[in-house]
Amino acid sequence: MTYAFIALFGFAFLLLILLAWVLRAPKKVSRPDAAPGLTEFSDRSHVTFFPQIKQALAVQDSVYLASLGMNALANRVRKERRKVALAYLACLRDDFQRLWRLGRVISSMSPQVGTAQEFRRLQLGLAFSLHYEMIRIKLLFGFAPLAELGALGEVVSRLSIRLETAMQDLGERAAIAAKLASSLDGRGLDVP
């Protein structure tokens, strides 16, 4: 009984440490010199760059270079392209973090947001962080997780669309409230 309690306590402690690690403030990731263009176009959607990342992670070029006997060059190309993919992944996380913070601001302005929706937002942040770390580790070990990278980009795209819709709804409500207030003022019905 005591061993089971200690094991359960240890497991819970490990989960708390993992949660704290995943939710930590992201450190500033240095962008490699090989990919300066990714940060210059931060106003563009990450979807724009995914085909290039997909091409960079393809193995055909490395296989071709290796078949010519240029193994050192093939390894260098793989390393550089991995750096570009890691920079893209870091930009993807930056986009998500920005949108996630914006979601927090929008939810604070919206009276309909309840505890369940805030918990769902927290779950989304945790799931994104876990998937981000798994993809980053795979890239660091030389794998090319294109499907997972695309899925992570889809999460950011869907979040962006949902936030844009929420902001539009809030704007429409604010316009209606302003119109109502101005119409009351114009009729001499000043409401304090």
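This report walks through the helices, the core and a few residues of the structure above.

The model is predicted, so local features need pLDDT of at least 70 and side-chain atom pairs count only at pLDDT 80 or more, while totals for chains, interfaces and linings use all residues. Residues are numbered from 1 along each chain as its sequence is written, and side-chain values use heavy atoms, with hydrogens and water left out.

**The overall picture**

The protein has seven helices and zero strands. Helices here are DSSP runs of H or I with at least four residues, strands are runs of E with at least two, and both are numbered from the N terminus. Of the 192 residues, 25% are buried, meaning under 20% relative accessible area with a 1.4 Å probe, protein chains only. The accessible surface comes to about 13500 Å², and 65% of it belongs to carbon and sulfur atoms; such areas come from the Shrake-Rupley method with a 1.4 Å probe.

**Two helices side by side**

Helix α5 (residues 71-109) and helix α6 (residues 115-140) pack with their axes 11 Å apart, at an angle of about 175°. Axes are lines fitted to C-alpha atoms over the stretch in contact, and angles run from 0 to 180 degrees between N-to-C directions. The two helices are therefore roughly antiparallel, a label for angles over 145 degrees. Their contact has 14 nonpolar, four polar and seven charged residues. In this grouping, Ala, Val, Leu, Ile, Met, Phe, Trp, Tyr, Cys and Pro are nonpolar, Asp, Glu, Lys and Arg are charged, and the others, Gly among them, are polar.

Now for some individual residues.

| Residue | In contact with (heavy atoms within 4.5 Å) |
|---|---|
| Leu86 | Arg136, Leu139 and Leu140 |
| Arg121 | Trp100, Gly103 and Arg104 |
| Phe128 | Leu92, Arg93, Phe96, Leu152, Val155 and Val156 |

Leu86 lies in α5, and its C-alpha atom is 9.8 Å from that of Ile137, 51 residues apart along the chain. Arg121 is found in α6 and is buried, with a relative accessible area of 17%.

**The nonpolar core**

The largest nonpolar core has 24 residues, and Ile53, Leu89, Phe96, Phe128, Leu149 and Leu152 have the most contacts inside it. Such a core is a set of buried Ala, Val, Leu, Ile, Met, Phe, Trp, Tyr and Cys residues joined through side-chain atoms within 4.5 Å. Helices α5, α6 and α7 (146-186) each supply at least two residues of this core, with the largest share, 10 residues, coming from α5.

Methods
Contact = heavy atoms within 4.5 Å. Parallel < 35°, antiparallel > 145°, perpendicular 65-115°, else oblique. Buried < 20%, exposed > 50% of the residue type's maximum accessible area, 1.4 Å probe, protein only. Lists of a residue's contacts leave out its neighbours within four places in sequence.
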